[in-house]
Amino acid sequence: MKLDPFYLIVDSAAWIQRLVPLGIRLVQLRIKDRPTSDVRAEIRQSKAICAAHGCQLIINDYWQLATEERCDFIHLGQEDLAYADLSAIRNAGLKLGLSTHDEAELETALAAEPDYIALGPIYPTVLKAMPWAPQGLERIGEWKARIGDRPLVAIGGLTVERLAGVFKHGADVAAVVTDITRNPDPESRTLEWLNATRRLPPN
């Protein structure tokens, strides 16, 4: 499986409506601490927007809702993976992405046979408190050697200026949150990311 090298992560359909039409091909809807009915509505809106613009939508955590709403891709963290029904996920035809932060989590992820694996944080991140030290660029190459043909998603503290090093060390995809959502001009910053990743040589 091949993924677009630019992977946007946002917490609402409003962000998806705002930025996906700029040319984004891969986006994750990551919502925390909202009622299930709200999450369902956000998924439906996001799915419609992405379908209209040829963008792959990935739902974070809510695999049951993603199944019910006939989505085709989910992402799980390690805590969510521990409680997810992988058989039900596969039977529904959902593709699966998993987060990893250390060797033990990588082993757990590989056992679940995901469609991609994410490694982070590569750099210090302001998104949330992390119990893990920044992974650094060298770890990207180690992970890529371990996961084989699966796409490797790098996440955590990434900026346009850091992309060259991330891809040089083996990442297939760069995921971004705050470098866009906390930028004073998210649209312009999104276009910078798109231009930078479109210029990458094919891997």
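**Helix packing, parallel strands and backbone exceptions**

In helix α10 (residues 186-198), the buried residues are P186, R189, T190, W193, L194, A196 and T197. Viewed along the axis of α10, these buried residues lie within an arc of 165 degrees, so they line one face of the helix. The arc is taken over the directions from the helix axis to the C-beta atoms. Buried denotes under 20% relative accessible area, exposed over 50%, and partly exposed the range in between, with a 1.4 Å probe and protein chains only. Helices (H or I, at least four residues) and strands (E, at least two) are DSSP runs, numbered from the N terminus.

The model is predicted: local features require pLDDT of at least 70 and side-chain atom pairs count only at pLDDT 80 or more, while totals for chains, interfaces and linings use all residues. Residues are numbered from 1 along each chain as its sequence is written, and side-chain values use heavy atoms, with hydrogens and water left out.

**Helix α10**

- The 13 residues of α10 should span 18 Å at 1.5 Å a residue, and the end C-alpha atoms are 18 Å apart, which agrees. The expected span is 1.5 Å times one less than the number of residues in the helix.
- The cover over the buried residues of α10 includes β1, α1, α8 (163-168), β8 (173-176) and α9 (178-181).

**Parallel strands and crossovers**

- Strand β1 (residues 6-10) and β2 run parallel and are joined by three bridges; L8 has V27 of β2 as its bridge partner. Strands count as paired if DSSP finds at least two bridges between them.
- Strand β2 (residues 26-29) is covered on both faces, with L26 and Q28 buried on one side and V27 and L29 buried on the other.
- Together, β1, helix α1 (residues 13-19) and β2 form a right-handed β-α-β unit. Right-handed describes a path from the first strand over the helix to the second that runs clockwise when the strands point away from the viewer.
- Four bridges pair β2 with strand β3 (residues 56-60), also in the parallel sense, and Q56 in β3 is the bridge partner of L26.
- From β2 the chain passes through helix α2 (residues 36-53) to β3, in a β-α-β crossover that is right-handed.

**A13 in helix α1**

- A13 is located in helix α1 and counts as buried at 3% relative accessibility.
- Setting aside residues up to four places away in sequence, A13 touches L29, E42, Q45, S46 and I49. Contact means heavy atoms within 4.5 Å.
- From A13 to V27, the separation is 14 residues in sequence and 11 Å in space, C-alpha to C-alpha.

**H75 in strand β4**

- H75 belongs to strand β4 (residues 73-76) and, with a relative accessibility of 6%, counts as buried.
- The side chains of H75 and Y116 are joined by a polar contact of 2.6 Å. A polar contact is a pair of N or O atoms within 3.5 Å; within protein, one must be able to donate a hydrogen and the other to accept it, and residues adjacent in sequence count only if both atoms are side-chain atoms.
- Beyond its neighbours within four places in sequence, H75 is in contact with residues including Y7, Q28, I58, D61, L98, Y116 and A118.

**Helix α6**

- E105, L106, A109 and L110 are the buried residues of helix α6 (residues 103-111). They cover an arc of only 135 degrees around the axis, which puts them on the same side of α6.
- Exposed residues A104 and A111 are carried on the face of α6 turned away from its buried side.
- Among the elements covering the buried residues of α6 are α4 (78-83), β5 (95-100), β6 (116-119) and α7 (137-147).
- At the start of α6, a side-chain oxygen of D102 comes within 3.2 Å of the backbone nitrogen of A104.

**Backbone exceptions**

- Most residues other than glycine have a negative phi, and most peptide bonds are trans.
- E113 follows α6 and has a positive phi near 50 degrees, although it is a residue other than glycine. E113 sits in the loop between α6 and β6 and counts as exposed at 56% relative accessibility.
- R70 is not a glycine, yet its phi is positive, at about 55 degrees. R70 lies in the loop between α3 (63-68) and β4, and it counts as exposed at 69% relative accessibility.
- The peptide bond from G120 to P121 is cis, with omega near -10 degrees; P121 is in the loop between β6 and α7.
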